[in-house]
Amino acid sequence: PETRLTPAYAFKIVNKSDGHPVRLGEQSIRFELRRGDCGVSSGGYNDCAHDSERHELNMQPPPGLSGVTWHTVSFFLDKNLPIHKNNYAFFNHMSIFQFHSDGDGAPGWNFSVEVNGLQLQRRTACNLTKSQHKKIVGHKKPGRCSMTNAGNHTQFLMKSEDLLNQWHDVVLTVKWTTKQTGYMKMWINGKLVYHYQGSTKTPKELEQFQFGIYRQFHGNTPNVATSIVYYDEIRYAKKHCKKLNLENLGYSCKALEGQSVSRIDTIADGNNKGESKEQKIIKVLTVRIASKIATEVSNPNLKEIEKWVFKKLTTMDWDDNLEKLKDRRPTQERLLKNGIKEFAM
């Protein structure tokens with residue numbers, strides 16, 4: 001989306017000779033996002049009205065991504081990135097790159113920095129028709145797209161302590177289709193970390209790759225919460241991995257394509273079938289809050305922390321604490337604070 005006002009610091013090409021991190025060669029792209037940097041898309045979506053801030057660039061080879069595509073992106077998160085300090089999460093999430101349609105709907109694939117690490121968020125189930133949703137997922141299609149909708153999926157890819165102040169190389173390949181024969185694979189630093197099988201394309205819209213910084217902040221986020229991310233080696237190819245010329249990054253297509261994962265993600269995953277909205281939200285919050293607590297205590301037992309969080313959530317009043325997003329945010333912060341006290345003992 002176009003920003004309402006694009007300041008000089010928003011994104012610029014910087015030089016290795018000036019002390020900036022560079023993956024290869026002599027230059028990289030530096031993004032900087034400060035409190036209040038928001039804008040309005042051509043479709044009318046207003047970041048400012050949704051507690052959001054953004055500086056992003058789109059890569060969209062006309063007429064949009066189609067067939068089989070291959071992509072690389074290398075990113076470097078500044079060591080002073082304000083993720084979490086003194087039990088305060090500066091933002092709900094910070095997207096660093098996405099596969100997004102040209103409409104204003106939710107991105108099919110979002111890769112974001114959370115308090116506990118790098119996370120993949122898949123919303124491809126939102127693109128199914130009502131009949132497809134009922135057939136594949138097992139019940140009628142929900143009205144509003146959400147990560148809690150049955151068929152969508154969240155997966156953590158890298159711990160927060162491994163993210164900052166170093167380059168990470170990402171290779172992605174996607175077969176773009178509305179049919180269940182599509183797929184998406186993701187490698188990080190030469191290792192296959194995720195494989196999805198199913199529909200990948202938003203019907204009647206163009207798919208594109210975009211990168212930069214997009215975050216949703218808390219209402220009282222201090223003005224010093226500035227995010228800086230560097231990007232380099234952004235490559236795109238149709239059909240074949242070999243067109244990416246990965247050798248100078250230290251990888252080979254044969255080695256990457258020969259890897260596999262223990263479990264392939266699908267929309268029809270039975271874990272979400274038949275769950276109520278309440279059950280799905282509690283499940284998502286349990287994992288999210290427990291992971292945050294675990295990063296703040298020494299020698300954490302994640303299973304025990306998850307049991308504690310789940311018990312707390314299931315004994316709360318749904319209408320007052322969990323039904324609305326504006327109520328869930330203070331609930332999360334309260335449980336995070338209490339959980340750290342509980343497990344730091």
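User: Which word applies to R30 and E32, buried or exposed?
Analyst: Both R30 and E32 are buried. Buried stands for a relative accessible area under 20%, exposed for over 50%, and partly exposed for what lies in between, with a 1.4 Å probe and protein chains only as cover. The model is predicted, so local features need pLDDT of at least 70 and side-chain atom pairs pLDDT 80 or more, while totals for chains, interfaces and linings use all residues. Residues are numbered from 1 along each chain as its sequence is written, and side-chain values use heavy atoms, with hydrogens and water left out.

User: What makes the contact between R30 and E32 a salt bridge?
Analyst: A salt bridge requires a side-chain nitrogen of Lys or Arg within 4 Å of a carboxyl oxygen of Asp or Glu. For R30 and E32 the N to O distance is 2.8 Å, and the pair therefore qualifies. Side chains of opposite charge can pair when their charged atoms come close. The structure holds nine salt bridges.

User: Which parts of the chain does the salt bridge between R23 and D169 link?
Analyst: The side chains of R23 and D169 meet at 2.8 Å, N to O. R23 belongs to the loop between β1 (11-15) and β2 (27-33), D169 to strand β11 (residues 167-176), and the two are 146 residues apart. Strands here are DSSP runs of E with at least two residues, helices are runs of H or I with at least four, and both are numbered from the N terminus.

User: Why is D169 called buried?
Analyst: D169 has a relative accessible area of 6%, which is under 20%, and therefore D169 counts as buried.

User: How do you know that E53 and R215 form a salt bridge, and where do they lie?
Analyst: Their closest N and O atoms are 2.6 Å apart. The pair links distant parts of the chain, with E53 in strand β3 (residues 52-59) and R215 in strand β14 (residues 207-217), 162 residues apart. E53 is buried at 0% relative accessibility, and R215 is buried at 1%. Elsewhere, salt bridges that share partners join R30, E32 and R34 into one network.

User: Why is K204 called exposed?
Analyst: The relative accessible area of K204 is 88%; this is over 50%, so the residue counts as exposed. K204 lies in the loop between β13 (191-197) and β14, and has a positive phi of about 65° although it is not a glycine.

User: How does the reach of helix α6 compare with the expected span?
Analyst: Helix α6 (residues 325-343) has 19 residues and spans 26 Å from its first C-alpha to its last, close to the expected 27 Å. The expected span is 1.5 Å times one less than the number of residues. Buried residues of α6 include D327, T331, L335 and G339.
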